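The stops below go one at a time.

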Amino acid sequence: MTILTSYNDPDIILRFSQGDEHAFRTIFNAQLQPLCYFAHKILGQKEEAEDVVSTAFAVLWERRAQFNNGGAIKSFLYVTVRNACYDLIKHRQVVNNAQETITDINSEPDITIDARILQTELLQLILSELKSLPERSRQILEYSFLEERKTGEIAGLLSMSEAHVRMEKSRALVQLRKLLLEKQLLEVVVILLALIKK
């Protein structure tokens, strides 16, 4: 399943392939957060994930003339990020003399990657709806789920009590569920979650 993004506009793709930096920024903004999430789930380290994604975008820009549709760009970015993550993990293992783990990574079933891509698609769908929530609710959900911060940490960042953060988080989740229901997207989320858990 592909979540539609603004850069599927043929005009944006054409301008990007011709070197238009504004079109590139549109693609970058649409895919940055989902790709960082994807890479972070593989690597387990936020900074390394961001470095890998930045490099993937640099390679995309260098090869921009090769792309004529949004799907090809998205596939290129995911494959490039995935391969770079695996290369980084292999490098870590060589440094740590963990030869057995390298074999495990090479034989990792494709279903794991498919599940991670589905997680990313799900995240992208939810992110688009988060923007409709009030600022405080959106912030709490982003801190909690995207940045994986603990309740105490969120409370400190927002100058709130932990109990207040929990209450606001619960309220925000109800609002998000309502938004997804109104746009008939809740079923899509449930299906994606079921596929991830298989």
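**Stop 1: Tyr-37**

Select Tyr-37. You are in helix α2. This is a predicted model, so treat each value as computed from it. Is Tyr-37 buried or exposed? Tyr-37 has a relative accessible area of 17%. The cut-off for buried is under 20%, so Tyr-37 counts as buried. Tyr-37 and Gln-124 are 87 residues apart in sequence. In space, their C-alpha atoms are 9.9 Å apart.

**Stop 2: Gln-33**

Stay in α2, which covers residues 21-43, and pick Gln-33. Gln-33 is partly exposed, at 38% relative accessibility. Which residues does Gln-33 contact, once neighbours within four places in sequence are set aside? Show Leu-127 and Leu-146: both are in contact with Gln-33. Draw a C-alpha to C-alpha distance from Gln-33 to Leu-127. The value is 9.2 Å, for a pair 94 residues apart in sequence.

**Stop 3: the whole chain**

Zoom out. Count the elements: the protein chain has 10 helices and zero strands. From the N terminus on, the order reads α-α-α-α-α-α-α-α-α-α. Colour by accessibility next. Of the 198 residues in the protein chain, 39% are buried. Then draw the contacts between residues at least 6 apart in sequence. Of these, 64% join residues at least 24 apart.

**Stop 4: helix α1**

Select residues 10-17, which form α1. Show the side chains of Ile-12, Ile-13, Phe-16 and Ser-17, which are buried. Look down the axis. Why do these four sit on the same side of α1? They cover an arc of only 130° around the axis, which puts them on the same side of the helix.

Move to the N-terminal end of α1. Asp-9 caps it. A side-chain oxygen of Asp-9 lies 2.9 Å from the backbone nitrogen of Asp-11. Now go to the other end. Gly-19 follows α1, and its phi is positive, near 95°.

**Stop 5: α7 against α8**

Two packed helices are described by the angle between their axes and the distance between the axes. Select residues 135-146 for α7 and residues 151-158 for α8. How do the two axes meet? The axes come within 10 Å and cross at roughly 140°. α7 and α8 are therefore oblique to each other. The crossing is right-handed.

Show the side chains where they meet. From α7, take Arg-136, Gln-139, Ile-140, Tyr-143 and Ser-144. From α8, take Ile-154, Leu-157 and Leu-158.

**Stop 6: α8 against α9**

The axes of α8 and α9 come within 8 Å and cross at roughly 100°. α8 and α9 are therefore roughly perpendicular to each other. On the α8 side, display Thr-151, Gly-152, Ile-154 and Ala-155. They meet Glu-162, Val-165 and Arg-166 in α9. Ile-154 is among the α8 residues that meet α7, and it is also among those that meet α9.

**Stop 7: Glu-168**

Glu-168 is buried, with a relative accessible area of 13%. What does Glu-168 touch, not counting residues up to four places away in sequence? Select Arg-136, Ser-137, Ile-140 and Met-160: Glu-168 touches each of them.

Key. Residues numbered from 1 in each chain as written. Predicted model: local features only at pLDDT ≥ 70, side-chain atom pairs only at ≥ 80, totals over all residues. Heavy atoms only, no water. Buried < 20%, exposed > 50% of the residue type's maximum accessible area, 1.4 Å probe, protein only. Helix = DSSP H or I, 4+ residues; strand = E, 2+ residues; numbered from the N terminus. Arc of directions from axis to C-beta. Polar contact = N/O pair within 3.5 Å; in protein donor to acceptor, adjacent residues only side chain to side chain. Contact = heavy atoms within 4.5 Å. Axes fitted to C-alpha atoms, helices over the stretch in contact; angles between N-to-C directions. Parallel < 35°, antiparallel > 145°, perpendicular 65-115°, else oblique. Left-handed = near helix turned anticlockwise from the far one by under 90°.
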